[in-house]
Structures are given as structure tokens and as C-alpha cells.
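Dear colleague,

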Amino acid sequence: MTTAHRTAGEHGLADITLLRDALGVLKDREQVAERLLESSAKHSFDPDRELDWDAPPVDGKWFWPPELVSLYDTPLWKRMSEEQRMDLARHEAAALASLGIWFEIILMQLLVRHIYDKSLTSNHVRYALTEIADECRHSMMFARMIHKGGAPAYPVSRLNHNLARILKTVSTTPGSFACTLLGEEILDWMQRLTFPDERVQPLVRGVTRIHVIEEARHVRYAREELRRQMVTAPRWEQELTRISCGEAARVFSIAFVNPAVYDNVGLDRREAVAQVRASGHRREVMQSGAKRLTDFLDDIGVLRGVGRRLWKSSGLLA
């Protein structure tokens with residue numbers, strides 16, 4: 001719904017159109033970007049300098065909180081030794097970092113598309129370029145963390161890799177920002193639990209802390225823009241966004257667990273995948289990680305019809 005108001009400017013009357021959705025009046029796009037730019041100037045990090053990459057891993061520390069490991073509290077987990085559990089956590093940390101890099105490369109391309117036909121001198125475009133620079137640093141930081149942890153990189157499946165190629169080609173603007181939030185907010189929720197956890201390796205805690213601080217700005221930018229797009233987009237584009245976002249949720253939920261990690265720690269892949277799918281704890285973790293996002297998407301009208309059914313099938317929506 002769009003609400004137009006006539007207001008008096010400082011030097012006379014001017015027409016100002018205010019956009020409104022279920023969450024209220026949207027903030028001015030340029031003012032939002034200006035605040036995000038100010039925050040970026042104060043709270044941006046150079047991971048190469050901020051983190052101690054030369055320090056060896058600390059014995060007895062996890063590379064990922066055990067409660068966030070895919071097999072936690074399953075029958076298979078209960079049979080595993082502590083050493084094997086910690087090794088699985090190390091490989092899953094590498095797999096999640098690999099997933100993060102894949103997603104951030106997609107995001108950077110979507111952001112470049114978004115600003116291609118916008119005013120190059122606007123705060124909105126300037127912040128998008130700032131965010132792209134952030135994501136470049138994050139991708140390099142994640143890659144360096146994978147290398148430092150001694151586990152291999154874990155690329156997504158060829159199918160998901162090519163599905164993302166299609167997404168990057170056909171995604172409309174609201175669909176791009178909806179998918180952006182899908183990738184950012186669940187990992188962000190996990191990392192907010194990780195960086196203060198003293199059981200976790202100092203390097204991993206440092207990486208996740210930097211990512212959480214900088215990602216908060218990215219989430220704000222994407223949320224504000226998705227709200228604007230869902231209000232102004234034609235009906236067909238709104239419906240396409242609901243469907244594409246639901247399909248992205250289904251793909252992303254599958255990609256969140258890379259079965260190759262089980263092979264690399266000596267577990268039976270088929271048994272492990274089956275137990276993850278049957279795990280009530282894992283389902284709760286994923287739905288808890290997605291809840292802030294799904295509540296938001298529900299409020300602004302994204303979780304409707306076929307799209308909502310796809311979200312339910314992904315396991316991310318109760």
C-alpha cells in the first residue's frame with residue numbers, strides 16, 4: 001500500500017510520497033544509507049590486521065559450538081568419541097564458511113545489478129559499494145579461516161551451484177533482497193552464538209565477531225530495500241518474489257549440510273544424513289535461526305501461497 005502526503009517544505013509546498021507497509025512508514029532511502037555509511041566508517045575491520053592468523057589452534061577448543069553441529073544429540077552423535085565430534089565440528093565450520101563464500105559471491109553480483117541503473121552519486125549506491133567491499137573482505141577472511149583450520153573447502157553441489165547461476169540471471173530486485181536476507185540472517189544467528197562462546201577457537205570467535213558487526217548493516221540495508229520493493233513492485237513481481245524466495249529457502253536448507261563432511265570424519269554418509277533429517281534438535285536450531293527472518297517476511301507479505309508452502313517444505317518455517 002502506498003500513502004501519499006502533501007507537506008510544507010522549508011521554502012514552500014512540496015509533494016513527498018511516503019511509502020507504508022504493515023510495519024509502518026518506510027524511512028527515506030538516502031537517510032538510511034547515510035546512517036549506514038556513518039556506521040561503516042566507525043565499525044569496519046581489516047581481518048588481516050585485526051586477527052592473529054599466526055597463532056596455532058588451541059587444544060581442546062571447538063571450531064564450532066557443539067549444539068550447532070548437524071548431528072548433535074542424535075544417536076550417532078552419542079556413539080561418537082569426543083575427538084570425532086570435535087573433528088566433525090571443524091569440518092562443518094569449514095563447510096559453513098564455504099557456503100558463506102558461495103553466498104557472498106552471489107550477493108555481490110546481485111548488488112552490482114541493483115545499482116547498475118541508479119544514481120552513482122547517491123548515498124544508496126555508495127553504501128551498496130561499501131557493502132560489496134565488506135563482502136570481499138568477508139569472503140577472503142572465510143577462505144583464510146578454512147585454510148587455517150586444516151579442513152578442505154566444501155563447494156556446494158553442482159546442482160545448487162547451477163541453480164544459483166539461474167537465480168543470478170533471472171532474479172528481480174525484491175527477489176534478490178529476499179534471498180540476500182535468507183543467506184545472511186540464519187548464519188548471523190549462529191555466529192551470534194559463536195563469537196562469545198569461550199569453548200570455541202579464538203580465531204573462529206574473532207572471524208564471527210567481525211562478520212556479525214558488519215553484517216548487521218547489510219541486514220538493515222536489505223530489509224529496508226525489500227520493504228520498499230514489495231510496496232512498489234507490480235503484483236506479478238511480488239508473487240514471483242514469494243515463489244523464488246521459497247525455492248531459495250528449500251535449496252539453502254539442503255546446502256546448509258554438506259554430506260562430504262561425514263565421509264571425511266569416517267562416518268557413514270547415508271546414516272548421518274538420515275539422522276540429521278530426523279533430528280528434532282536440528283530442526284529446532286534451523287527454525288530458531290530463521291525465525292526473526294520468517295516473522296519479518298510474514299509481516300511484509302512474502303510468506304503467502306505457494307511461497308509459504310515452499311518455506312514449510314524447507315524445514316525453516318514451523
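Before the first helix pair, a word on terms: axes are lines fitted to C-alpha atoms, for helices over the stretch in contact, and angles run from 0 to 180 degrees between N-to-C directions. With that in mind, the axes of helix 9 (residues 235-255) and helix 13 (residues 305-314) come within 7 Å of each other and cross at roughly 5°. Since angles under 35 degrees count as roughly parallel, helix 9 and helix 13 are therefore roughly parallel to each other. On the side of helix 9 the contact is made by R242, I243, C245, G246, E247, A249, R250 and S253, while helix 13 contributes V306, G307, L310, W311, S313 and S314. Sorted by class, this contact of helix 9 with helix 13 has six nonpolar, five polar and three charged residues.

Please keep in mind that this is a predicted model. The protein chain averages a pLDDT of 92, and 95% of the residues score at least 70. Over residues 1-16, however, the pLDDT is below 50, and this stretch has 22 contacts in the model beyond near neighbours in sequence.

Helix 12 (residues 280-299) takes part in two further pairs. It packs with helix 7 (residues 173-194) at an angle of about 125°, the two axes lying 9 Å apart, and that angle makes helix 7 oblique to helix 12. Helix 7 passes helix 12 in a right-handed crossing, and the contact joins L181, L182, E185, I186, W189 and M190 of helix 7 to R282, V285, M286, S288, G289, A290, R292, L293 and F296 of helix 12. The residues of this contact divide into ten nonpolar, two polar and three charged.

The axes of helix 8 (residues 202-232) and helix 12 come within 11 Å and cross at roughly 20°, so helix 8 and helix 12 are roughly parallel to each other. Helix 8, too, passes helix 12 in a right-handed crossing. Here V219, R223, L226 and R227 in helix 8 meet R292, L293, F296 and L297 in helix 12, and by class the contact has five nonpolar, no polar and three charged residues.

Finally, a check on helix 5 (residues 123-149): at 1.5 Å a residue, its 27 residues should span 39 Å, and the C-alpha atoms at its ends are 38 Å apart, which agrees. Just after helix 5, G150 takes a positive phi of about 85°.

Key. Residues numbered from 1 in each chain as written. Predicted model: local features only at pLDDT ≥ 70, side-chain atom pairs only at ≥ 80, totals over all residues. Heavy atoms only, no water. Helix = DSSP H or I, 4+ residues; strand = E, 2+ residues; numbered from the N terminus. Parallel < 35°, antiparallel > 145°, perpendicular 65-115°, else oblique. Left-handed = near helix turned anticlockwise from the far one by under 90°. Contact = heavy atoms within 4.5 Å. Nonpolar A, V, L, I, M, F, W, Y, C, P; charged D, E, K, R; others polar. Expected span 1.5 Å × (residues − 1). pLDDT = per-residue confidence, 0-100.
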